[in-house]
Amino acid sequence: MKNEFTLTIYSEDQIRLISKLSSMFLRKQIQILSLNMSICEIENMYRHTIVVNETLDQVINLVAQIEKIIEVYKCYYSFKEDIVFKQVALFKIPTSIFAIDMNMEVMLRENDLKISEIQREYTILQATGTDDEIVCLTEKLKSFGLIEFVKSSRIALTKSNEGFCVEF
């Protein structure tokens, strides 16, 4: 049975690794749902967060193959309940909606939306949450005349009190 897994990869090089990972995922016909690369707590090291929907056996096999790549120091996989994860979304809505619809103020407070920019024609709102929360919020904002929106890839940390730094 397929489940959503978050892979966390620590590496020294991000450019060559992305090329190798993409060909590996393509060969195995595994769809990447989310991909994030960033610096991490260790100097000159990168943290790659990849979300996939696969079987546990397939993920265990994948992690073992990823760890064989020279640039990779360690690769972990996690279930949803073992991590804390968020995404950021930006929403562009007409500025005029604030004068017309009084429910917009309630919407801002209830969903902890932050105003990032206000222009005459549009206002950009920022939200942080899980993928499901952002999808729900997007549906709500469509009724307010949503012009455009974008969301980031997943960022995640394990709920364990230890990190990769302890092993390194």
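Reader: Which residues of helix 5 are buried?
Author: This is a predicted model, where local features need pLDDT of at least 70, side-chain atom pairs count only at pLDDT 80 or more, and totals for chains, interfaces and linings use all residues. Helices (H or I, at least four residues) and strands (E, at least two) are DSSP runs numbered from the N terminus, and buried means under 20% relative accessible area, exposed over 50%, partly exposed in between (1.4 Å probe, protein chains only). With those cut-offs, the buried residues of helix 5 are Ile-134, Leu-137, Thr-138 and Leu-141.

Reader: Which residues of helix 4 are exposed on its other side?
Author: Start with the buried ones, which are Met-104, Met-107 and Leu-108. They span an arc of only 100° around the axis, so they lie on the same side of helix 4. Across from them, the exposed residues are Arg-109 and Glu-110.

Reader: How many disulfides are there, and which cysteine sulfur is nearest to that of Cys-75?
Author: A disulfide needs a pair of cysteine sulfur atoms within 2.5 Å, and the count comes to 0. Cys-75 is in none, with 14 Å to the nearest cysteine sulfur, that of Cys-40.

Reader: How many residues apart are Glu-4 and Lys-80?
Author: A salt bridge puts a side-chain nitrogen of Lys or Arg within 4 Å of a carboxyl oxygen of Asp or Glu. Glu-4 and Lys-80 make one, their closest N and O atoms being 3.8 Å apart. Glu-4 is in strand 1 (residues 3-11) and Lys-80 in the loop between strand 4 (72-79) and strand 5, so the bridge links distant parts of the chain, 76 residues apart.

Reader: Is Glu-71, the salt-bridge partner of Lys-20, buried or exposed?
Author: Their side chains meet at 3.0 Å, N to O. Lys-20 is partly exposed at 34% relative accessible area. Glu-71 has 11% relative accessibility, so it counts as buried.

Technical notes: Residues numbered from 1 in each chain as written. Heavy atoms only, no water. Arc of directions from axis to C-beta.
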